[in-house]
Amino acid sequence: MASNEKFNFAQNVAEALADSQLRANFRFATDTLIQRRSTVFASPEETNFLRDVGSSMKKDVLANLPDLLEKFEAQCTKNGIVVHWAETAKDANEIILEILNENSAEKVVKGKSMASEEIHLNSYLEEHDKEVVETDFGEFIIQLCGEPPSHIIVPAVHKNRKQIAEVLAEHIEGMEYTEDVDIMLANVRSTLREHFKTADAGISGVNFGIAETGTLCLVENEGNGRMCTTVPPLHIALMGIEKLVENVEDIPAIYRLLCGSATGQRITTYFNMISGPRKKGERDGPKQVHLVLLDNGRSKIMNDPQLGDVLKCIRCGTCLNHCPVFTRIGGHAYGSTYPGPIGEILVPQIEGLDPKGAIASASTLCDACAEACPVRIPIPELIRRMRDESYGNADPSKVALSGYKRSCVESMVWRGWQWSQTSPVMNKMMLKGLALFGKWIPKVGPLKAWMSVRSKPQFGKNSLKDLVKKEGVRHE
Amino acid sequence: MSNSAENRERILERLYNAQQYGRDAYIPQKKVWNIKNQSKEKNIEEFTERMTAVRTEVFRTKGTEWVGELQKLVEERGQKNLLHAPATPTGKALAANWGKDSSCKLVTWKESIEEFKDELFDCDGAVTGCLGGIAESAAVILWPTEEEPRLMSIVPPLHVVVVEADSIYTSFQDAIKKLKWNKEMPTNALLISGPSKTADIELILQFGVHGPTDLIVFITE
C-alpha cells in the first residue's frame, strides 16, 4: 500500500484475522484456485517434468541475463519498438510521463501490470494530471475504491459479489445495485468500451519478452489487454528485466506453467505476441510502441546466487493460494505490491529489510509454496535467508539493511546457546539447571508473548538424553 | 529527468559484474517439453473437444458450405452486419456465396482505424481466416495482416474463424516449428481459445467481458 503511515505488520495481521468476511472470501478463493490448478496438473510426473523445464529455462536466462537483454534490446529496436531503461521506480515513472507528454496524451487505458503497481505508476500519472483507467475487471473495481490489489492474479478477490455490486452502484452513473453478474459485466463492458475508443495511450505489462525475436507476450482472458495495446495510437509496455525467455521455442512450456498455476487453465483466451508498431500499409495497431525495462533493485539481487533465484518468478500467484498464512490474512496485510510467499522474499530485497523484512515472518516454512512453484523457487529457504539477514551482516551490495535487527542481548543469548550445545559440561549444567529451576523462569519478553496464547513449557526431571541412556530406544 | 542511456550503462554493468558470483553455480541442462505428433483425425477431434469445452462453437464443413451455415446462424441471432476482408480467400468465399437478400449485410474495413473506429465499434461481428489451429492447447492462430487488421478479432461481439482441417497442428511446439516463428514474427500474432472471459467476481466464470461474447470456428476441408 502506498501509505505514509508506518508499516506495522503485526497490527495488519491482527486486523485481517479479526475480519471474518475477509477470511471467508480468501479461503473460498484460494481453495477454488488450488482445486482448478490440480485439474490441469493432474499427473505428478508430467507436472514435475514441466516444472523442471520451467526452472532450467529461467535459470539459464538469469545466468545469461545481460547478454540476453542486449540481444532483446537489439531485436526490439530492429522491430521498431523504442526501448528505455529505468534504474529505479522514479526513473520508470518519469520516462513514461515524458513519452505521454511528448505525444500530448492525456487519457491512458491500462492493462493489468504488477510492475506498474510496484512503481505506483497510477498515482504518479494522476499527480501529473493524466487520466488513468484500469481496464482489467478486477483492477477496475479496486481502482474505483482506491485500493491496491490483494492478489497478483485476481486483484479484487477480497471482495465478494455483494461488495462489488455496492462499488459499481456507487460509481457507475445510472447503475442500480444488482447482484446479477451478467448485468454488472454488461455495464462495465460498455463503460470501458467508451474509454478504449477515446484513450490517447495504452499501458500494459509484459508476461514474457522473447530475446531471439524481440517479441512482447501478453497473457489474458478478458481482451482488455488487446484493446489497450491495439486501439490507442500509442502503446507503452513496462517490463521487469528478468521476464525474458531466450527463444520462441521456450514459450509453450512457460506459457502452460503460467496458465495452469495461475488460474488452472490449459490456455488463456488470448495469447498476444507483439513484435512492433503498425507497419506501413497496416490499418490498425499503435503507431508507436515503447518498452520500458525496469530494474528497481533486480540487478542488485543478482549479486547473490541464492537470492537471485527469486528472479525466476513468473508471477503466477500460486504460492499465495497454497500458503496457509496468506489464505488467512489476505494480500493487504502484507502492505506490499507482492504479497504471500513470493512477496516475503522479493519485497524485502527491493524495498529493504526495514520495515518489510517483517513480512518474512509470515510463514510456517511448511514448504507448500515450493512444492507448487512452477519454476521451483526454493521459497522457504529464501524466507529463512531473509529472516537470517535481518540479524546478519551480509555484504550491503547484496542485501539492503542487512542486520538492522541485530542486538547485543540477542547475540549474547545465542552465543550462550551455542556454548551450551558444543561443550558437554555446559550442556549438562544447563539441563540440570533447567530441570531444577526452569519453573521459575520469569514471564517476560518473548516468553510472555509466547504464553499469551500457550501454556508455559514444563521441564522434565530427566532430560531426553538421560532417558535414552537409561532405557534405550524402543522400536515400536 | 531520467537518462535512459545512463541507466542502461549502470544496469548492464551491475549485471555483468554479478556474473562473477552466479556463473560458477551449477546450472542444470535445459530440458525441453516435447509432444508427439498425432494423426490429422485425432488432431481435429481433440481440437473440437477442447475448444467446445471453453464455449467455442465448432462446426466441421466441406468447401464453402460454411458460408451458408454461417448465414443461417447469424440471421437466426438477428445480426445486422458482418465485417469481412474481401481480399483474403476466406473473405472472397464469403462474399461470393452470401445471399444477396440476407438480413445481415456484409461490410468491409475502410481506410485506417482512425477513420473506421466508430463504425468498427458498431459492428455486430467479423469473419477472419487464420493460420491454423492447435489441438493440444485448443486455440486458433491469427496473424493479422493489412487485409485483416488485428481489431477484427477483438472489437465486434461475434468472431467467426475459418480454419483449414490440414492446418490443425498437434501442439503449440509443432506449430512454432512448422511455421518457422523463430525466423520472422509478424507485427502481431495471436492465439485465441474462446470468447473473452473473466472470473473476477467470486471466481465465477463469465463470458464476454471486453472482447467477443461468441466465437464460432468452422473447420473446412
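In chain A, strand β1 (residues 81–86) has 5 of its 6 residues buried, so the rest of the structure largely encloses it. A residue is buried here if 20 or more other C-beta atoms lie within 10 Å of its own, exposed if 12 or fewer, and partly exposed in between, with C-beta atoms placed from the backbone. Strands (E, at least two residues) and helices (H or I, at least four) are DSSP runs, numbered from the N terminus.

The model is predicted: local features need pLDDT of at least 70, side-chain atom pairs count only at pLDDT 80 or more, and totals for chains, interfaces and linings use all residues. Residues are numbered from 1 along each chain as its sequence is written, and chains are lettered from A and ligands numbered from 1 in the order in which they are written. The predictor assigns the complex an ipTM of 0.95 and a pTM of 0.92. For chain B the mean pLDDT, the predictor's confidence in each residue from 0 to 100, is 93, and 96% of its residues reach 70 or more.

β1(A) pairs in the parallel sense with strand β10 (residues 288–294) of chain A, over 6 bridges; pairing requires that DSSP finds at least two bridges between two strands. Within this pair, A:H84 stands opposite A:V292. Beyond its neighbours within four places in sequence, A:V292 has contacts (C-beta atoms, placed from the backbone, within 7 Å) that include A:H84, A:A86, A:I95 and A:L238.

Strand β6 (residues 215–220) of chain A has 6 of its 6 residues buried. A:T215, A:C217 and A:V219 cover one side and A:L216, A:L218 and A:E220 the other, and all are buried. Strand β5 (residues 208–210) of chain A runs antiparallel to β6(A) and is joined to it by 3 bridges, with A:F208 as bridge partner of A:C217. The hairpin of these two strands has 4 residues between them, and in it A:G214 takes a positive phi near 70°. β6(A) also pairs antiparallel with strand β9 (residues 270–274) of chain A over 5 bridges, where A:V219 stands opposite A:F271.

These strands belong to an open sheet of 8 strands with mixed pairing, in the order β8(A)-β5(A)-β6(A)-β9(A)-β9(B)-β6(B)-β5(B)-β8(B). Its edge strands, β8 (244–245) of chain A and β8 (168–169) of chain B, each pair on one side only.

Terms used. Contact = placed C-beta atoms within 7 Å.
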